Amino acid sequence: MSFKEMDIENAYRILAPRPTIIVTTINKNGEINAAPFSFTMPVSMDPPLISFASVPSHHTYKNIMETEEFVVNIPGANILEQLWITGEKFPPGVNEIEKANLTQTDSLKVTPPKIKECVAAIECKVHWIKKAGDHDIIVGEVLHVGIKDNILKEGLLDVEKVKPVLHLGGVNFVIGDHLKKVGE
Ligand SMILES: Cc1cc2nc3c(=O)[nH]c(=O)nc-3n(C[C@H](O)[C@H](O)[C@H](O)COP(=O)(O)O)c2cc1C
């Protein structure tokens, strides 16, 4: 079977489904922010570095430019609807953790809080930020990783238990081997 051409600007749509994270940040006035991101990947094991890409207009990005810290929270499918709320457009200074009825709890090594309902939280300080087209890539050095009990099986994420949130695009997610639309 032959390949047919796809619009190049849609290449990201077939790099899917993508793990979805909720990034928590704080600005210099102490205002807390949370938002979902699915352009994310690990980039180094030694030192431990992870990354995600954000458009520079996001509050997440602006907060990170101010305080150089962030937390990557790993959600399970049980909080998909709340995750979606954190992605809504709120005015600056609005705490999406509260808007989504989630709970914030102190981080150990950084000032932004982590989200209690997530299965893990990776605390990071900025390693570097670089422009990449309409997004900027934010690479964070991992300072601390907190995980809930029993989310690992033989050292790997127990996907049957956690049911990671995988983003396909728009309101469409893959949970286990099922398609799930937010709100359905
Ligand atoms: C599942 C999902 C994944 C998203 N992934 C990204 C992403 O990788 N990069 C990005 O810039 N925005 C992404 N967004 C959009 C932002 O989360 C959204 O615009 C949010 O309002 C930004 O919030 P903030 O301004 O409080 O940072 C995603 C949204 C959703 C729902």
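In this predicted model, strand S2 (residues 21-26) and strand S3 (32-37) run antiparallel and are joined by six bridges. The two strands form a hairpin with five residues between them, and Gly30, in the turn, has a positive phi of about 85 degrees. Across this pairing, Val23 stands opposite Ala35 in S3.

Leaving aside residues up to four places away in sequence, Val23 touches Ala35, Phe37, Phe52, Thr60, Phe70, Val71 and Val72. Val23 also belongs to the largest nonpolar core, a group of 30 residues in which Ile21, Ile22, Val23, Val71 and Val72 touch the most other members. The elements that give two or more residues to this core are S2, S3, S5, H2, strand S6 (69-74) and strand S9 (120-132). The largest share, four residues, comes from S6. As general background, nonpolar side chains tend to be buried together in soluble globular proteins.

The ligand comes next. In the model, 18 residues surround the ligand, and the closest are Ala35, Phe39, His58, Thr60 and Gly87. At least two residues of the shell around the ligand are supplied by each of strand S3, strand S5 (49-54) and helix H2 (59-67). Of the elements, S3 gives the most, with four residues. Sorted by class, the shell holds seven nonpolar residues, 10 polar residues and one charged residue.

Another part of the fold is an open sheet of four strands, arranged in the order S1-S13-S14-S15 with antiparallel pairing. Strand S1 (18-19) and strand S15 (178-181) stand at the edges, each with a single partner strand, so one side of each is left without a neighbour in the sheet.

One joins Ala16 and Pro17, with omega at about 0 degrees, and Pro17 lies in the loop between helix H1 (11-14) and S1. The other runs from Asp46 to Pro47, with omega near 0 degrees, and Pro47 is found in the loop between strand S4 (40-44) and S5.

Glu154 has a phi near 50 degrees and sits in the loop between strand S11 (152-153) and strand S12 (156-157). With 5 C-beta neighbours inside 10 Å, Glu154 counts as exposed, because the cut-off for this class is 12 or fewer. Lys163 likewise has a phi near 50 degrees, and its place is in the loop between helix H5 (159-162) and strand S13 (166-169). Lys163 has 17 C-beta neighbours inside 10 Å and therefore counts as partly exposed.

Terms used
Residues numbered from 1 in each chain as written. Predicted model: local features only at pLDDT ≥ 70, side-chain atom pairs only at ≥ 80, totals over all residues. Pairing = 2+ DSSP bridges. Near = placed C-beta within 6 Å. Nonpolar A, V, L, I, M, F, W, Y, C, P; charged D, E, K, R; others polar. Buried ≥ 20, exposed ≤ 12 C-beta atoms within 10 Å, placed from the backbone. Core = buried A, V, L, I, M, F, W, Y, C linked by C-beta atoms within 7 Å. Contact = placed C-beta atoms within 7 Å.
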